[in-house]
Amino acid sequence: MNIHFRTYWSNSILRPNFPVRGGPRLKNITAVVGAISLLRDAVANQDQLLYDEPADWYYPVRESLGGMMLQTGDAKGAEQVFREDLQQNPRNPRSLFGLAEALTLQNRNYDASRVKQQFGTAWQGADASLKVEDL
């Protein structure tokens, strides 16, 4: 392993870990605003990762950011976050679920029903139901 790879790996791949791990704790202990800020940092850090297979980070952090925004009532912001994730991760069932929830909260029921159909197809065969808190 060369030094450049080690530096990239330690400085880039581990960086999303700290905000993601801090986010869930913060929503229970301190202001949710702090958790959202940390998750935004994690998204920015994840966006800087180079493409690799398997992916360097095990899930799209935008799922957590959008979920936290839904829990605070920012449905419009959550919609944007989930749409951005679906651009990078098409048919991601968790982001489809979050998008449907965001649209429902905005009373955009027609759009929400179409996204729920896509979610149903993508989540088909799963043995668990999904809740906003799971994001």
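Which hand does the crossing of α5 and α6 have, left-handed or right-handed? The crossing of α5 and α6 is left-handed, a term used when the near helix is turned anticlockwise from the far one by less than a right angle, with clockwise giving right-handed. Please keep in mind that this is a predicted model, where local features need pLDDT of at least 70, side-chain atom pairs count only at pLDDT 80 or more, and totals for chains, interfaces and linings use all residues. Residues are numbered from 1 along each chain as its sequence is written, and side-chain values use heavy atoms, with hydrogens and water left out.

**The chain as a whole**

- The protein chain has 7 helices and 0 strands; helices (H or I, at least four residues) and strands (E, at least two) are DSSP runs, numbered from the N terminus.
- Of its 135 residues, 40% count as buried, where buried means under 20% relative accessible area, exposed over 50%, and partly exposed in between (1.4 Å probe, protein chains only).
- Taking contacts (heavy atoms within 4.5 Å) between residues at least 6 apart in sequence, 51% join residues at least 24 apart.

**Helix α5 and its cover**

- Helix α5 covers residues 75–88, and at 1.5 Å a residue its 14 residues should span 20 Å, which agrees with end C-alpha atoms 20 Å apart; the expected span is 1.5 Å times one less than the number of residues.
- Among the buried residues of α5 are Ala75, Val81, Phe82 and Leu86.
- The cover over the buried residues of α5 includes α4 (62–71) and α6 (93–105).

**How α5 meets α6**

- The two helices α5 and α6 pack at an angle of about 155°, with their axes 8 Å apart; axes are lines fitted to C-alpha atoms, for helices over the stretch in contact, and angles run from 0 to 180 degrees between N-to-C directions.
- α5 and α6 are therefore roughly antiparallel, the term for angles over 145 degrees.
- Residues of α5 including Ala78, Glu79 and Phe82 belong to a set that meets a set in α6 including Ser95, Leu99 and Ala102.

**Two residues to look at**

- Serine 95, found in helix α6, is buried with a relative accessible area of 0%.
- Leaving aside neighbours within four places in sequence, serine 95 is in contact with Glu63, Phe82, Asp85 and Leu86.
- Glutamate 79 lies in helix α5 and counts as buried at 9% relative accessibility.
- Not counting residues up to four places away in sequence, glutamate 79 touches Leu99, Ala102, Leu103, Gln106 and Arg108.
- The C-alpha atoms of glutamate 79 and methionine 69, 10 residues apart along the chain, are separated by 9.2 Å.

How values were computed: Parallel < 35°, antiparallel > 145°, perpendicular 65-115°, else oblique.
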